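Here is a friendly note to read with the model open beside you. Take your time and find each residue as it comes up.

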Amino acid sequence: MIILLTSCTATHTKIMHADKSFALRLMPGSDLRAGIENFVKDKKIKAGWLVTCAGSLINYNIRFANSPAGTTGSGHFEILSLSGILSENGSHIHISIADSLGHTIGGHLLEGCKIYTTTEIVFVESSRYLFTREDDGTSGYKELQIKEQ
């Protein structure tokens, strides 16, 4: 599998070659963010990215753009998308969910998103790269740095 990653500033372009794939199922009551992070650390994933996810939540904790803290809610929610960069050196994950009326919200995935029935996740890893998160002086946040191993 080959994936092309480009930065928003278009100053860096890397063609990513995935050489391992993983499937993870999280059970009811599990924390989505913690479950992913624990799996990434357990498998010592240095450079991975999410491919797909299907599942549901009973609680959410999402940080919206330019907000200092997360927003929480409870009910029944379908996970519409989960995307992001995974690394034991720091992950950056976004989520979109819909409530029972189809109202949709999304943002940065935080701990506190509890699984309702199940969540099934597929992601891949490349052993050719090392992802880190470092202050690069452009945004005030620790941003993705892609290094070849």
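The points below walk through some of the salt bridges.

1. Please keep in mind that this is a predicted model. Altogether, the structure holds 4 salt bridges, and the next points look at some of them, including the one between Glu37 and Arg33.

2. Start with Glu37 and Arg33, whose closest N and O atoms are 3.0 Å apart. Both residues belong to helix H1, which covers residues 32–42. Because they are 4 residues apart in that helix, about one helical turn separates them. Is this pair buried or exposed? Both Glu37 and Arg33 are buried.

3. Next, look for the salt bridge between Lys46 and Glu88, where the closest N and O atoms are 2.2 Å apart. Lys46 sits in the loop between H1 and strand E4 (48–63), while Glu88 sits in the loop between strand E5 (71–86) and strand E6 (92–98), so this pair ties together parts that are 42 residues apart in sequence. Lys46 has a relative accessibility of 27%, so it counts as partly exposed. Glu88 also counts as partly exposed, because its relative accessibility is 26%.

4. Now turn to Lys147 and Glu134, a salt bridge with its closest N and O atoms 2.7 Å apart. Which strands hold these two residues? Lys147 lies in strand E10 (residues 142–148) and Glu134 in strand E9 (residues 129–135), so the pair links parts that are 13 residues apart in sequence. Lys147 is partly exposed, with a relative accessible area of 35%. For Glu134 the relative accessible area is 30%, so Glu134 is partly exposed too.

Terms used:
Residues numbered from 1 in each chain as written. Predicted model: local features only at pLDDT ≥ 70, side-chain atom pairs only at ≥ 80, totals over all residues. Heavy atoms only, no water. Salt bridge = Lys/Arg side-chain N within 4 Å of Asp/Glu carboxyl O. Buried < 20%, exposed > 50% of the residue type's maximum accessible area, 1.4 Å probe, protein only.
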